[in-house]
Each structure stands twice: as structure tokens, then as C-alpha cells.
Amino acid sequence: MLTLPEKILFLLLMAVSLYHAYTGFRRVYLAIRRGRPEGRFDHLPQRIGRALWLTLTQGTVFRERPLVAVLHAFVFYGFVYYLLVNLVDLLEGLFGLHTRGGLWNPYNLLADLLTALILVGILGLMLRRYLVAPRDFTWNPQVPLHEKVRQGIPRDSAIVGAFIAFHVGSRLLSKAFGLAKEGQDPFQPVASAVAGLLAGLSPQALTFFEHFFWWGALGSILLFLPYFPRSKHIHLFLAPVNLAFGKERPGALTPLDFEKEEEKFGAERLEDLSWKRLLDAYACIMCNRCQEACPAYATGKALSPAAILISERYELNGILPEFASGKESPRPLMDFALNEEALWACTTCLACVEVCPVGNEPMLHILDVRRAKVLMEGAFPAQLNNAFRGMERAGNPWGIGQGKRLDWAEGLSVPRVSEKPHPEVLYWVGCAASHDPRAQRIARSMAEILHAAGVDWAVLGTEERCTGDTARRAGNEYLFSQLAAENVETLNRVAPKTIVTTCPHCFHTLKNEYPAFGGHYRVVHHSEFLAELLRQGRLKVSEETRKVVFHDPCYLGRHNGVYDAPREVLKGVGLALTEPGRNRERSFCCGAGGAQFWKEEEPGAMRVSQNRYLELKGTGAEVIATGCPFCMAMLNVEVAQDGEAPEVLDIAELLARGLRA
């Protein structure tokens with residue numbers, strides 16, 4: 001189809017374009033390699049298979065924003081097919097490949113229809129961004145952002161959108177002019193419809209414009225390729241890679257090795273992040289879904305998980321040649337990606353990770369920076385001093401002496417491992433249920449239930465210490481590792497068949513994080529254990545009919561996927577269960593996680609707990625059921641300020657009431 005001069009010119013431009021594209025992609029690869037090592041290469045076949053499935057089904061994209069997801073699917077599936085289409089068009093132009101009739105008919109039909117769908121998808125997305133301009137394209141004014149982000153994202157989106165529209169539109173017009181010259185094709189209905197409007201043009205004009213738009217379609221690729229590594233469109237390649245290297249439990253943190261003589265712990269600069277964190281920055285599609293899901297952002301705080309990754313990306317793009325060559329980045333993360341308020345506002349609820357369509361883990365970026373602040377600078381909110389000191393000296397963040405660890409059991413028959421060395425079930429009471437007066441009622445209810453079911457159980461008593469969750473989420477990895485080592489030594493000696501916890505934070509830490517310290521146990525949350533007892537008929541309860549709403553704790557639900565068991569218990573007691581608008585994977589945080597319980601909440605439009613409480617109360621339920629003592633405490637803060645508040649009770653308390661009736 002092309003003339004000889006056109007062929008020569010195209011091949012020269014292709015060589016130049018591919019060289020610069022290769023240089024750009026290689027720099028991105030070298031930049032990601034600058035990150036610290038992180039073990040994400042286990043079970044590679046399964047990882048790759050899962051990533052391909054999620055990518056091809058667009059399963060993560062369709063979790064939210066269904067209309068936008070459909071428009072994105074048009075563009076995505078069209079571009080997947082366009083890998084073949086562009087190759088065929090190239091062969092057609094350079095070698096005169098004939099692509100009509102026979103086996104080409106289904107190919108042409110799909111290419112034609114997808115061309116139209118891509119144009120519909122990209123125009124719809126562009127209209128949404130620039131005309132509808134919803135709030136998810138903006139940031140609260142107090143959110144720290146890289147200085148180039150506010151102008152850079154609209155510009156980059158315009159370039160990418162214009163490229164897609166021009167590339168695909170040119171391909172459609174090239175085909176239309178060709179069909180106007182050669183005759184319409186029923187297997188290219190869209191291009192044929194456009195060709196019908198061109199019938200009055202001369203053969204010379206039709207040939208000229210067929211060539212012109214062929215160059216528009218293929219030439220625009222050559223122009224865009226060098227820009228590709230710097231654009232948000234790079235997620236087309238890196239998102240599947242990022243999905244492949246996701247963690248099964250992203251909230252289970254990787255320990256630091258304090259035996260090695262490392263100069264740095266945590267992340268102060270870009271090069272201190274792991275390679276997966278740097279990959280996150282490049283895979284980010286800048287959709288701000290994580291921001292929408294973030295409880296801190298939703299309540300007017302300075303934290304936006306999206307802003308952190310996007311700011312890292314813009315900083316990397318600005319220093320890419322130097323950074324890829326091994327030079328130190330010019331400034332700390334705290335200078336361009338986040339500030340003190342944003343750093344300490346995170347509740348580690350995992351909502352940002354759960355909702356991300358490309359497998360990013362913004363929460364882990366924040367925790368890496370917290371580790372650097374605490375371990376390298378000794379800098380953290382002053383209120384955390386008491387919690388750290390209490391865990392270090394007394395084995396709990398309240399700072400209450402270990403001798404009072406069993407005060408909650410006063411007047412009850414509670415067996416201890418000192419009397420029963422190898423119980424079938426070890427009830428891990430946790431610091432809250434041991435020392436907080438309100439949460440102690442949860443522990444007392446559990447004792448009553450365990451006795452009623454005839455369970456062979458015991459508690460550690462004064463041998464139990466804090467699991468260290470608060471220390472770890474606050475960045476104090478050294479204190480956490482000390483507590484973990486002590487607890488693992490105790491638990492390995494007792495060797496319980498099953499550990500039951502009433503605190504999801506203890507549950508998560510014992511189950512998912514202690515194995516790295518040599519502690520491998522069967523750990524179940526009390527909601528799971530109680531549901532099992534009910535199924536086995538080991539508990540007889542008299543039912544009540546009040547209306548109840550269950551609040552999914554972040555560390556039980558998103559972190560560990562336990563959603564059905566607590567609801568099964570509530571229904572087993574006869575309660576009429578209703579659901580809030582945000583439930584299960586989309587549940588909204590109570591505001592206690594990430595060590596927030598032990599410090600003042602950052603300034604914002606409202607408290608995180610207030611936001612959640614108003615939603616739960618709005619269901620009209622008479623009882624708010626919880627499965628976490630910290631959730632209960634946060635919601636009770638709101639109850640105390642509400643004259644017509646529903647009752648807040650743990651599922652164990654509700655079940656125990658049925659036993660008493």
C-alpha cells in the first residue's frame with residue numbers, strides 16, 4: 001500500500017521511536033530495581049495465572065464505578081485486540097497484505113466493532129474527566145502533593161486520551177477511505193458506514209487520505225512510544241506485573257532483620273522503599289479509588305493514599321536518568337509525598353489495598369516511612385510514648401502491671417495453663433479484654449460460653465503479653481519483635497491445638513505475623529469459634545428478636561476475610577440482622593487501628609468513628625454488634641454523646657445473654 005519512500009521513512013522513524021522507547025522502559029526497570037529486596041517470587045505459576053485472570057476479566061476494575069468500568073473495558077479489550085490489528089495494518093502498509101474475504105472476515109468484524117467501542121470508551125472517559133469532573137479527580141486542599149501533580153495529571157490524561165482517540169480514529173478513517181475506493185464490506189459495518197459518506201471524492205483523494213490516516217494510526221504510535229514510559233498509560237504493562245506480585249495477606253508485615261548491620265530501617269527516601277513499592281508508583285492508574293475508600297481522607301484529614309503514590313511517580317519521572325543510574329534521590333519522601341499529619345492519620349484499615357484495581361499497597365508505603373521515623377529518628381506523636389512504655393515495661397499499652405492481668409476473671413472459674421499445661425483451646429484474652437473495664441465484659445462472656453459448651457480451655461494469665469500490634473503499626477518494629485519473641489517462646493511451650501481470640505488485632509498478629517518468628521498455630525477469631533459451637537449444637541440459647549447491625553472490623557474482615565461467621569452467630573441468637581451501606585469488604589473503619597487508639601486523631605471535618613457511627617445508627621438497629629474491643633470502644637465514644645443511641649455489644653455478650661435467659 002505504501003510507496004517506497006513512505007516505507008523507508010516509516011522504518012527510519014520506527015527505529016528512532018523504538019530506541020527512545022527502549023531507553024525509557026529500561027530506565028523504569030532500573031529505577032524499580034533500585035528498591036530493596038522483597039520476597040515476592042514464590043508460587044510464580046499461580047501468581048502469573050491469577051494476574052492474567054484478573055487482567056483479562058477486569059475483575060478488580062469492576063469492583064467500583066460500574067459505568068466507568070464498562071468504558072474502561074471497551075478501551076482495554078479493544079487495545080488487547082489492537083496488538084494484532086496494528087501488526088496486520090503494518091504488514092498491510094509495508095508489504096501489501098490483502099485483508100478482505102475468507103478468514104479475514106471475522107477478524108475484520110471484531111476489529112471494526114472494537115474500534116467503535118474504543119472510541120466510545122475513551123470519549124466517555126474524557127468527557128467524565130474534563131466536563132463532569134467528579135470529586136475523585138481532586139484532593140482536599142490540605143493533602144500534600146508533589147508540586148507537578150496538579151498540572152501534570154490533566155496534561156498527561158489529555159495526551160493519553162488524545163493519542164488513543166487519534167490513533168483509533170485514524171485507523172477507522174483509513175479503513176473507511178480504503179472501502180470507499182474498493183467497495184464496502186459487510187464485515188466492517190462501522191467503517192463502511194463512514195465510507196458511504198465519502199463516495200463523492202475522487203480516487204486520488206481517497207488514496208491520499210487512506211495513506212494519510214494510515215500514517216495517523218501507525219505514526220501516532222511511533223510518536224507516543226518514547227513518551228509511554230513517562231505516561232500513566234504505562235500501567236497497561238505494569239498493572240498485570242503488579243497484580244502478579246501481590247501478597248496473599250498484604251497486612252502481614254515483613255520483619256526487619258536487626259541482626260544485620262544495616263544503616264537504615266524503614267524508608268526515608270525513594271531508594272529505601274522495596275522494589276514492589278517502586279513498582280506500585282509506576283503501576284498506579286491515578287484513579288483515586290484508594291482515596292475514596294480511605295477513612296482518613298473521607299473525614300477531611302491530610303492523608304490521601306493516591307497522592308503518596310502519584311507524588312512518588314512524579315518525583316521518579318523528574319529524576320529518572322540519575323536515579324536509574326544509581327544516584328541518591330535528592331530529597332526525603334516527607335518533602336514531596338506526605339507530611340506528618342498524613343503519615344500518622346493512617347488507620348491501617350487496608351481499604352486502599354482492597355479497592356486498588358492494579359494491586360497497589362499504599363498502606364505499606366506509609367508503614368515503611370513510620371518505621372524510619374521511629375527507628376531512625378525517634379520521632380512519633382508524643383501520645384504514643386505511654387503506649388510504647390507500657391508495652392515495654394508492663395507487657396500492655398495501658399501500662400498496668402502484669403499481676404493484674406487476670407483481674408477481669410474475679411469471681412469466675414477460669415483455668416490457667418499453670419494448672420492445665422496443655423489445654424485443647426487456649427483463650428488469648430488480649431490487652432483490651434484484660435485491662436479495659438468495658439472490654440472485660442467480653443472476656444467474662446467468653447468464659448461463661450466456654451464453660452457452657454464444655455470446652456477444654458485455659459488462659460495464659462500473667463504469662464500473656466501484648467502481641468505488639470500497636471507497636472508494629474506505629475513503626476516500632478524493634479519493640480514488636482521483642483514482644484513477638486517472648487510470646488512465641490511461651491506459646492511454643494504450651495503448644496495449644498487452637499488459639500481463640502476476641503481481638504482481631506491479636507488474631508491477625510498471632511495467625512499471620514508470628515510464623516515469621518517461629519510461631520505456627522491454628523488461630524481462630526471468637527466469631528468463628530462461636531459459630532462452630534452453635535453448628536455443633538454445644539450451646540443452647542433462647543432467641544431474642546431485636547434488630548441488629550454488625551460492624552465489620554477491618555482486621556477481621558479485609559485483613560483476614562472473615563465475614564460470615566459473626567453474622568452466623570447473630571442469626572443463631574435469633575437477632576434480625578440488617579446491613580449498613582458499607583459492609584464486608586467495603587466496611588468503613590472505626591478509627592482505632594494503626595495505633596490511632598493511643599493518640600489524638602488528626603484534625604479533620606469529623607472523627608472517623610463519628611462517620612461510621614452515624615451510618616450504623618442510620619440503619620435503625622437497636623443494637624450495634626461488634627467483634628473487636630477497640631471498635632466497641634470507639635463506637636461507645638460516639639454513644640456517650642448521643643441521647644438516643646443504640647446499644648453497642650460484642651457478639652460474645654449477645655450470645656452469653658441468650659445463655660442466661
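Analyst: The largest cavity is lined by 35 residues, and nearest its centre lie His72, Leu125, Lys232, His235 and Ile285. A cavity is a set of points on a 1 Å grid over the protein atoms alone where a 1.4 Å probe fits but cannot get out, and lining residues have an atom within 4 Å of a point. This is a predicted model, in which local features need pLDDT of at least 70, side-chain atom pairs count only at pLDDT 80 or more, and totals for chains, interfaces and linings use all residues. Residues are numbered from 1 along each chain as its sequence is written, and side-chain values use heavy atoms, with hydrogens and water left out.

User: Which helix gives the largest share of the lining of the largest cavity?

Analyst: Helices here are DSSP runs (H or I, at least four residues), numbered from the N terminus. At least two lining residues come from each of helix 2 (44-57), helix 3 (66-95), helix 4 (104-132), helix 5 (149-182) and helix 8 (235-244). The largest share, six residues, is that of helix 3.

User: How much space lies in the largest cavity?

Analyst: A volume is the space filled by probe spheres set on the grid points, which are joined across faces, edges and corners. The structure holds nine cavities of 30 Å³ or more. In the largest cavity, the space is about 690 Å³.

User: What volume has the second largest cavity?

Analyst: Its lining has 18 residues, with Asp469, Thr470, His505, Trp598 and Phe630 closest to the centre. The volume of the second largest cavity is about 150 Å³.

How values were computed:
1 Å grid on protein atoms, 1.4 Å probe; cavity = no way out; pocket = protein on both sides within 12 Å on 5 of 7 lines; lining within 4 Å.
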